There are 2 protein chains.
Amino acid sequence: MADDGSAPAAPRKRADARRNEKTLLEAAAAAFVTSGVDVPVRDIAAKAGVGVGTIYRHFPTRADLIVAVYRHQVEACAEAGPALLAESSSPHAALAQWIDLFVDFLVTKHGLAEALQSDDAAFQTLHAYFLDRLIPVCAQLLDAAAEAGEIIPDLEPFELLRGVGNLCIGADNPRYDARRMVGLFIAGLRLH
Amino acid sequence: MADDGSAPAAPRKRADARRNEKTLLEAAAAAFVTSGVDVPVRDIAAKAGVGVGTIYRHFPTRADLIVAVYRHQVEACAEAGPALLAESSSPHAALAQWIDLFVDFLVTKHGLAEALQSDDAAFQTLHAYFLDRLIPVCAQLLDAAAEAGEIIPDLEPFELLRGVGNLCIGADNPRYDARRMVGLFIAGLRLH
DNA sequence: CCAACATACGGAACATTGTTCCGTTTGCCA
DNA sequence: TGGCAAACGGAACAATGTTCCGTATGTTGG
């Protein structure tokens with residue numbers, strides 16, 4: 001398909017650059033698991049055996065690195081939306097199940113929920129990616145449930161995602177059951 | 001051990017120390033308003049016209065300073081609990097109104113909601129104070145509503161406060177209505 | 001009122017972490 | 001293989017929290 005249409009025709013990176021990018025991704029993924037997404041840049045660099053400059057060259061902001069590491073899982077979550085809507089008994093059930101997927105994803109990534117709503121400029125990309133990818137899906141589920149008269153109308157997908165994301169913060173505290181809180185929140189959407 | 005009783009018998013601080021503590025409190029309160037509770041220590045010191053050492057001497061951690069600044073308001077919120085319970089038409093209404101007070105307090109303090117659930121050791125004191133002061137009040141309201149059969153049983157006050165606090169994060173974003181989200185959350189507590 | 005001492009102060013110095021920049025190395029292609 | 005652009009490494013710089021100690025000052029006994 002040519003590839004040199006509107007795309008800037010990526011001139012194929014050098015072999016060492018490609019290798020380092022992969023190494024970095026793996027090192028970052030491992031570091032995120034053990035130390036959360038706030039792990040110091042130097043630690044990731046050390047684990048990957050590269051200099052910090054190399055990280056910044058490949059991933060200008062922390063958000064770029066986080067997005068790269070979790071892209072697959074976010075895509076999977078996004079794609080599950082329409083499927084759930086088709087399978088489930090009711091739009092509200094589909095919405096609840098989809099939110100469950102989202103929550104399961106968030107609570108297993110130490111520090112991600114916090115980063116998701118940080119207003120730090122470095123997380124701009126993270127915001128943009130999650131929102132671009134998930135808002136349309138969320139909107140579809142929300143619209144379906146609203147049209148079926150199962151939930152309140154006029155709830156913005158952005159607000160729902162943000163609220164759910166917020167509720168997932170601190171999910172590693174054994175005294176705080178984020179999944180349950182989100183469940184209550186979703187229950188509050190119902191019309192009585 | 002003498003030490004005269006259980007009270008440590010404060011030996012009355014020096015005049016300049018008392019003066020600085022007051023100045024610091026005022027400077028911090030002003031700085032919190034304009035730059036949030038994460039304002040750099042140096043900025044507070046500069047605004048108060050003292051050295052950073054003086055801040056650390058009076059308020060060893062940022063949490064101590066935050067608690068000192070907001071103590072009155074937290075007390076007022078705590079004391080409003082029983083009053084609301086006595087006045088309101090139903091325990092659930094009282095709970096909702098009390099939560100509204102709490103939310104109003106939180107959303108007007110830039111960065112406080114975030115700080116409230118940070119697991120940073122420096123915020124230990126903040127956690128402890130809010131929890132010690134508000135959990136009993138919340139528990140009373142929760143118990144009353146549960147006994148009246150208005151809400152689900154077995155909800156820990158800690159979880160409710162944490163959930164509400166979480167929902168208040170990012171309340172300065174015009175696209176996110178924290179009050180409304182909390183309202184939905186509280187609605188989700190009801191038995192149907 | 002003065003001297004002496006404990007208290008409190010100021011801010012330099014150090015630690016941590018993010019970010020930039022440039023001299024050096026290395027892959028790639030002619 | 002020679003040369004050049006790409007990529008690298010890590011020193012250097014910036015922002016902030018935190019500690020420490022020489023200095024200044026309030027307080028008190030005489």
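The axis and the interface

Modeller: G188(A) is the residue of chain A that comes closest to the rotation axis, its C-alpha lying at 1.8 Å. The model is predicted, so local features need pLDDT of at least 70 and side-chain atom pairs count only at pLDDT 80 or more, while totals for chains, interfaces and linings use all residues. Residues are numbered from 1 along each chain as its sequence is written, and chains are lettered from A and ligands numbered from 1 in the order in which they are written.

The axis comes from superposing chain A on chain B, which takes a rotation of 180 degrees with 0.0 Å of shift along the axis and gives an RMSD of 0.1 Å (least squares on the C-alpha atoms of residues with pLDDT of at least 70 in both copies). The two copies are thus related as by a two-fold rotation axis.

At the interface, 19 residues of chain A are in contact with 19 residues of chain B (C-beta atoms, placed from the backbone, within 7 Å). On the chain A side, the elements giving two or more residues are α8 (157-167) and α9 (178-187) (helices are DSSP runs of H or I, at least four residues, numbered from the N terminus). Of the elements, α8(A) gives the most, with six residues. By class, this side of chain A has nine nonpolar, six polar and four charged residues (Asp, Glu, Lys and Arg count as charged; Ala, Val, Leu, Ile, Met, Phe, Trp, Tyr, Cys and Pro as nonpolar; the others, Gly among them, as polar). Of the interface residues of chain A, 100% are also interface residues in chain B, so the copies meet through the same surface.

Definitions and conventions
Two residues are in contact if their C-beta atoms, placed from the backbone, lie within 7 Å.
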